[in-house]
Structures are given as structure tokens and as C-alpha cells.
Amino acid sequence: MTTIDAGTTEAGQERLRRWRLVLGGETADGTGHGLSVRDAAMDGALTALYGKDGAARAGRDRSAGLGASAPSVARWLGDIRTYFPSSVVQIMQRDAMDRLGLSALLLEPEMLESVEADVHLVGTLLSLNKAMPETTKETARAVVRKVVEDLEKRLATRTRAALTGALDRGTRVRRPRHHDIDWNRTIAANLKHYLPEFGTVVPERLVGYGRASRSVRKEVILCIDQSGSMASSVVYASVFGAVLASMRAISTRLVVFDTSVVDLTDRLDDPVDVLFGTRLGGGTDINRALAYCGSQITRPAETVVVLISDLYEGGIRDEMLKRVAAMKASGVQFVALLALSDEGAPAYDREHAAALAALGAPAFACTPDLFPEVLAAAIEKRPLPVPDTA
């Protein structure tokens with residue numbers, strides 16, 4: 001095989017080094033490049049996961065290139081955190097769980113303390129929740145809490161700002177009290193009455209906020225499919241549920257479902273409790289979940305129902321669609337999200353998605369960053385910002 005010639009410059013040597021790490025160092029890798037001690041250790045960490053032995057036994061033999069014992073995996077986890085940035089570590093951890101079946105080792109506290117925590121790890125821990133020994137649960141809760149707190153810091157401010165604006169616009173009045181005047185919109189609405197000789201605007205119409213700002217104005221029901229493929233969506237929805245529950249003007253209800261329905265609203269003050277109250281996996285009965293949500297609606301015109309599901313319905317399809325149609329006819333704003341995550345849409349039932357779209361409820365995947373805007377649009381009863389890639 002012809003040797004790769006990248007030249008003798010520093011950039012060329014770095015290119016050879018990278019090719020050598022990518023190709024794995026077989027005799028015919030074509031680089032002719034030796035590795036430093038650090039690079040050799042990095043190469044060993046990659047080989048343990050992606051080498052031929054590991055690939056050949058992926059999903060069948062947990063040991064692969066890492067060995068079956070927790071200590072050897074813990075050392076490997078420490079190595080990859082030493083040699084690779086956090087974003088790469090998280091990808092390698094997910095690959096190790098998928099290719100080598102390492103999820104079961106997360107039941108050991110020592111392992112959990114070695115893992116780089118992210119949303120996907122939380123999903124894995126939740127799926128293992130029922131099998132988790134008591135000695136591990138406190139460690140698992142600490143890991144989940146760290147991820148949840150990081151997500152809240154990232155999402156809470158933007159969510160509250162977007163929804164507060166939507167709520168304020170929804171309660172604008174034309175004869176506000178002095179303290180309730182929205183001066184920016186009042187000036188904008190009266191610019192045609194500007195008097196240049198006096199350098200001022202004479203407002204003929206005042207725009208302000210209603211006094212209802214101190215009371216509950218909107219009802220939001222988050223209805224979350226907890227089947228295994230929706231793990232990341234469950235994590236994000238729980239965080240958003242806690243943020244919404246902290247807003248006095250919004251009454252928030254959080255419902256999770258598989259073939260049964262569980263109302264976790266009373267746990268919304270702590271999203272970690274919400275997550276450990278879920279049960280990932282199992283079947284799906286959207287019809288039953290929507291029936292329960294419908295029974296909780298008292299003010300249809302002021303209610304937003306957000307269904308988060310891949311739409312694989314195990315219940316009665318026609319009844320599910322009838323419930324959605326009835327909700328919309330009563331004035332409920334209905335939002336269907338195929339996923340609430342950064343990964344885009346999972347596999348989903350396209351026939352059901354098309355049927356919902358025909359009812360005026362387009363189903364699409366939504367990122368956590370877009371969700372506040374989607375919910376704000378639903379609150380204001382304006383078209384949803386459906387992504388072009390949906």
C-alpha cells in the first residue's frame with residue numbers, strides 16, 4: 001500500500017498523526033507515523049471501543065476491548081476524560097453503552113462517579129431506575145440533579161422572558177391605569193400624532209397590561225410519552241415543566257404515559273422527583289393520555305395542551321384523533337411535538353402525523369431552545385414557528 005505523504009512541515013506531521021489515530025495503527029495503515037506516549041494511550045482508549053474486536057462483538061459481549069469488570073471500565077472512563085474534550089467524551093460514552101452493552105455497569109456507584117453527565121446519561125439512568133440497587137440511587141440522583149440544574153440555568157431565563165411577553169400581549173387593554181401603561185407600544189401606536197413643533201407625541205389611545213397579571217391566565221398541560229425512544233424529551237419536558245410551574249400566571253400540569261397515565265403535577269417543584277417518577281419503556285396509549293388531559297381542562301380557550309410523542313399509538317387511533325379535534329373545536333391550543341431534544345425527530349408514525357396536520361395540528365420535532373417560542377406562539381394563538389426541516 002502506498003504510504004500517505006503529508007510532508008515534513010508541522011502541519012503535515014499533525015495530519016499524519018490524526019490519520020494514524022483514525023486508521024488504528026494496523027500494519028497497512030499507510031502513515032508510517034509513530035505515536036508519542038500520550039498518543040499511544042489515546043490510541044489505546046479508542047481501540048478499546050472502536051477496535052475490530054469490539055466491533056465484532058458489539059452488543060453481544062460486554063467485555064469487548066474494555067473487559068467486563070467495573071474497575072477496567074472506570075479506568076477507561078478516566079482515560080477518555082483526560083485525552084478528549086467533554087463533547088467527545090459524551091459521544092464515546094454513548095457508543096460504549098450501545099456497542100458494548102455497558103449500561104448495566106452504571107448501577108455501580110463507582111462507575112457513576114466516573115461518567116461525564118449529560119441528558120443521554122440521565123435517560124439511561126431512568127431506564128435502569130427499577131433495577132437500581134439502593135446503594136446506587138443516591139449517586140444516581142446526584143448525577144441527574146447536576147444535569148437538571150445545568151439545563152435550568154440554560155433554559156429558565158429565556159423561557160420566562162418569552163412567556164411573560166406572550167402573556168402580557170395577551171392581556172393588553174385600551175384603558176389601563178397609569179401604572180399599567182405599556183409606554184413603548186403606546187408611543188408606537190400614536191406616532192402619527194407626533195407634533196414636531198413641541199417635540200412630543202399626543203397619545204389618543206393608551207395601550208397597557210391588564211390587572212390580571214397577578215392571577216392565573218393560562219393553563220398548560222404537558223403530556224409526555226415515556227416510551228424508551230423519548231428519554232431525552234422526558235428530561236427536557238420535566239425541566240420546562242418545573243420552570244413553567246414557577247410562573248404565577250401559568251397553571252402547569254405534567255402528565256406522563258405509556259399504556260397507563262401518571263399525573264406528576266404535584267412533583268413539579270423538583271424536576272428530579274419528576275424524572276424518577278417516570279418509567280421509561282413499555283407500550284403507548286395516546287388516546288388514554290389525551291382522555292385524562294381532557295378531563296382536567298376547565299377553561300378551553302385559555303388552555304394549551306402540548307403532546308410530546310413519536311405518535312406510535314397502541315390505543316384506539318380514531319378515538320385519539322377525535323379527542324384532538326374536540327379539543328381544538330372547544331378552543332384549546334393543541335401542540336404536537338415528535339421530540340423535545342437536540343437530536344431532531346426520532347422515528348415516528350407518519351400517518352398519524354399527517355392526520356394531526358389535517359386537523360390543524362402539525363407535528364414536528366422541537367429543540368429546547370425553540371420550545372419557549374413555540375409555547376409563546378400557542379399562548380398568543382398565532383401560527384407556530386414550525387422548523388423548515390420538520
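Me: How many bridges join S8 to strand S9, and which way do the two run?

Reply: There are 5 bridges between S8 and strand S9 (residues 333–340), and the two strands run parallel; strands are DSSP E runs of at least two residues and helices H or I runs of at least four, numbered from the N terminus, and strands pair if DSSP finds at least two bridges between them. This is a predicted model, where local features need pLDDT of at least 70 and side-chain atom pairs count only at 80 or more, while totals for chains, interfaces and linings use all residues. Residues are numbered from 1 along each chain as its sequence is written, and side-chain values use heavy atoms, without hydrogens and water.

Me: Which residue of S9 does Val304 stand opposite?

Reply: Val304 stands opposite Gln333 in S9.

Me: And what about S5, how many bridges join that strand to S8?

Reply: Strand S5 (residues 218–225) is joined to S8 by 6 bridges, again in a parallel arrangement, and Ile224 is the residue standing opposite Ile308 of S8.

Me: Is S8 largely enclosed or exposed, and why?

Reply: Strand S8 (residues 303–308) is largely enclosed by the rest of the structure because 6 of its 6 residues are buried, where buried means under 20% relative accessible area, exposed over 50% and partly exposed in between, with a 1.4 Å probe and protein chains only. Thr303, Val305 and Leu307 point one way from the strand, whereas Val304, Val306 and Ile308 point the other way.

Me: What do S8, helix H13 and S9 make together?

Reply: With helix H13 (residues 317–330), S8 and S9 make a right-handed β-α-β unit, meaning that the path from the first strand over the helix to the second runs clockwise when the strands point away from the viewer.

Me: Switching topic, how many aromatic pairs does the count come to?

Reply: The count comes to 1 aromatic pair, taking Phe, Tyr and Trp rings (the six-membered one for Trp) with centres within 6.5 Å, and calling planes under 30 degrees apart stacked, over 60 edge-to-face and the rest tilted. Phe240 and Phe371 form this tilted pair, at 4.6 Å centre to centre with 50° between the planes.

Me: Where do the two Phe residues sit?

Reply: Phe240 lies in helix H10 (residues 231–245) and Phe371 in helix H15 (residues 371–380), so the pair links parts of the chain 131 residues apart. Phe240 counts as buried because its relative accessibility is 0%, and Phe371 does too, at 1%.

Me: Last one: where is His193, and what does His193 touch?

Reply: His193 is in the loop between helix H9 (183–189) and strand S2 (194–195), and at 18% relative accessibility it counts as buried. Leaving out residues up to four places away in sequence, His193 touches Thr200, Val201, Val202 and Glu204, contact being heavy atoms within 4.5 Å.
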